[in-house]
Amino acid sequence: MRDYEEVAAFLGEWGRFQRLVFFFLSASIIPNGFNGLSIVFMAGTPEHWCAVPRGANLSGEWLNASIPLELRDGQEVPSRCRRYRLSALANFSALGLRPGSDVKLESLEQEPCLDGWEYSRDVYHSTIVSEWNLVCDNDWKGPLSTSLFFVGVLLGSFASGQLSDKFGRKNVLFATLAMQTGFSFIQVFSVNWEMFSVLFLLVGVGQISNYVAAFVLGTEILGKSIRVLFCTLGVCIFYAFGYMLLPLCAFFIRDWRMLLLALTLPGLLFIPLWWVIPESPRWLMSQGRFQEAEHIIRKAAKINGVTAPDVILDPSELQDFSSQKQQTYTILDLMKTRNILTITIMSVILWMIISVGYFGLSLDTPNLHGDVYVNCFLSAVIEVPAYIITWLLLRGFPRRYSMAAALFLGGCVLLFIQLVPSHIRALSIVLVMLGKFGITSAFSMVYVYTAELYPTVVRNMGVGASSMASRLGSILSPYFVYLGAYDRFLPYILMGSLTVLSGILTLFLPESYGRPLPDTIDQMLTVKGIEYRPASSSIRDSKEEEENPEVLKSTAF
């Protein structure tokens with residue numbers, strides 16, 4: 001039987017239908033670029049110090065001296081979490097004593113910020129940190145909010161694969177777009193940190209589900225030559241565009257509620273796309289819904305201005321296809337054979353490590369020297385050349401070696417950061433951005449690579465499960481960043497080492513470059529260097545290999 005690509009070959013590769021699908025699916029990814037990472041600004045921690053109530057009866061001198069100094073980054077700055085005991089200062093002030101000359105401040109007893117905090121408005125006007133006092137003893141709540149978002153992404157990754165394989169790519173895409181937009185809007189009206197965090201978790205569920213559904217839908221509709229373009233310069237460039245909009249919006253809108261509202265409203269623009277974006281004909285065929293698939297193909301032919309053949313899906317082929325595809329597939333099918341199980345385990349490890357590096361470096365931008373808005377913008381801009389290089393690599397080079405090279409680059413550069421002298425801060429930022437470049441390239445490639453390794457019947461489930469595993473890494477990524485409080489090089493050493501190890505692991509995956517997408521589990525490529533064929537079928541398979549030497553050569557590559 002012919003596969004879908006043969007059936008739809010008469011449509012051409014880059015007609016008006018493919019261009020519409022390419023652009024609108026890519027555009028649906030823009031909100032993903034700023035929704036999750038908006039926490040960088042919404043949970044930004046401004047400079048703060050203990051508040052001193054107006055009724056403290058302190059003179060101007062004692063008021064200025066009420067906050068002890070502490071050493072931070074080699075400079076003496078006001079303490080963020082301690083103040084001198086106000087009752088003692090009031091007595092000294094009433095007696096007319098002067099701080100420093102009459103009273104040694106170092107000997108005074110200190111107390112926590114019993115009356116709250118005052119916050120600098122130089123960088124942020126309002127954040128969830130300043131509104132709900134997520135500092136000092138409550139400073140763990142900021143990174144927890146970020147982790148909860150990624151917990152939502154984890155849950156969405158687990159559910160989206162099975163839901164999309166069961167109910168269709170298009171239905172899940174628009175349901176999760178609505179979920180992401182709706183809960184973000186409600187989040188604007190959060191009354192406390194707990195409400196904000198729970199809603200942020202639900203936004204995370206919708207965010208990744210939308211991303212995976214759009215990615216797989218485009219992968220299955222577009223032809224081989226356009227598929228790589230869609231997965232790199234399409235989906236990823238539009239994601240980077242959304243990411244670049246984040247620091248620009250945050251620079252002009254420095255109140256977290258208004259910023260979140262401004263980032264939420266564009267989601268409404270995607271409602272009309274329901275009548276433009278089709279369901280995946282490849283998925284419809286895998287479900288035995290051949291008439292619907294043929295209707296979409298004929299409509300695409302009309303849009304492209306080409307004449308469809310009288311018979312697109314031959315009845316005899318449909319019967320053969322139907323007999324193979326009426327089986328229901330579940331997450332357990334990702335462990336059905338030793339080959340698919342091995343590929344799944346390797347994909348899980350790769351996605352997890354790449355995710356730690358990508359989100360760790362993205363969330364680390366406020367901790368870099370310089371302006372937080374500029375650093376975040378640079379972190380977004382560096383993704384554009386990374387995606388362009390990825391596209392060029394995927395067009396003419398093997399997937400396995402391209403991704404390994406990107407991982408080796410990103411990991412080695414991060415390991416070199418510890419060798420940079422502390423006074424050359426600009427070089428450290430350049431190396432961080434170069435590390436982000438390598439890891440971003442690998443993140444782009446791993447979506448393409450994973451989608452090509454899994455067959456149609458479980459492709460969305462396989463990509464979703466791999467993405468789900470990567471979210472374990474993203475949940476941990478905020479805490480990789482905060483390890484810098486103990487040793488500023490430790491996050492880079494850990495992320496760099498793991499990234500290099502993942503590059504080595506990539507070399508053992510099968511090569512999918514130049515191969516058609518598999519439709520069934522039996523058509524999957526085998527892991528390099530390992531034989532999985534059962535003994536009972538070895539003779540038959542040997543004959544097949546003799547008859548198809550090109551297939552054997554490509555599989556062993």
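This is a predicted model: local features need pLDDT of at least 70, side-chain atom pairs count only at pLDDT 80 or more; totals for chains, interfaces and linings use all residues.

Q: Which residue does Cys 136 form a disulfide with?

A: Cys 136 forms a disulfide with Cys 81, and the two sulfur atoms are 2.0 Å apart. The link is left-handed, with -100 degrees about the S-S bond. Cys 81 sits in the loop between β3 (75-78) and β4 (82-84), while Cys 136 sits in the loop between α7 (128-132) and α8 (141-167), so that distant parts of the chain, 55 residues apart, are linked by the pair.

Q: And is Cys 81 buried or partly exposed?

A: Cys 81 counts as partly exposed, since its relative accessibility is 29%.

Q: Remind me, what is a disulfide in general?

A: It is a covalent bond that joins the sulfur atoms of two cysteines.

Q: How many disulfides are there in the whole structure?

A: A search of the whole structure finds two disulfides. Besides the link of Cys 81 and Cys 136, there is one between Cys 50 and Cys 113, whose sulfur atoms are 1.8 Å apart. This link of Cys 50 and Cys 113 is left-handed, with -60 degrees about the S-S bond.

Q: What does the pair of Cys 50 and Cys 113 tie together?

A: Cys 50 belongs to strand β1 (residues 48-50) and Cys 113 to the loop between β5 (110-112) and β6 (117-119), so this pair ties together parts of the chain that are 63 residues apart in sequence. Cys 50 counts as buried because its relative accessibility is 2%, and Cys 113 counts as buried as well, at 8%.

Q: What is the pairing if I number the bonded cysteines in sequence order?

A: Numbered that way along the chain, the bonded cysteines pair as 1-3, 2-4.

Q: Changing topic, which residues of helix α6 are buried?

A: In helix α6, which covers residues 86-94, the buried residues are Leu 86, Leu 89, Ala 90 and Ser 93. They lie on the same side of α6, because they cover an arc of only 100 degrees around the axis.

Q: Why would residues three or four places apart point the same way?

A: An α-helix has 3.6 residues a turn, so residues with that spacing point the same way.

Q: What covers the buried residues of α6?

A: Among the elements that cover them are α5 (60-64), β4 and β5. Just after α6 comes Gly 96, which takes a positive phi of about 80 degrees.

Q: Now for Ser 184, where is that residue found?

A: Ser 184 is found in helix α9, residues 169-187, and counts as buried because its relative accessibility is 1%. A polar atom of the Ser 184 side chain lies 2.9 Å from the backbone oxygen of Gln 180.

Q: Leaving aside neighbours within four places in sequence, which residues is Ser 184 in contact with?

A: With those neighbours left aside, Ser 184 is in contact with Asn 35, Val 203, Leu 260 and Thr 264.

Definitions and conventions:
Residues are numbered from 1 along each chain as its sequence is written. Side-chain values use heavy atoms; hydrogens and water are left out. A disulfide is a pair of cysteine sulfur atoms within 2.5 Å. Helices (H or I, at least four residues) and strands (E, at least two) are DSSP runs, numbered from the N terminus. Buried means under 20% relative accessible area, exposed over 50%, partly exposed in between (1.4 Å probe, protein chains only). The arc is that of the directions from the helix axis to the C-beta atoms. Contact means heavy atoms within 4.5 Å. A polar contact is a pair of N or O atoms within 3.5 Å; within protein, one must be able to donate a hydrogen and the other to accept it, and residues adjacent in sequence count only if both atoms are side-chain atoms.
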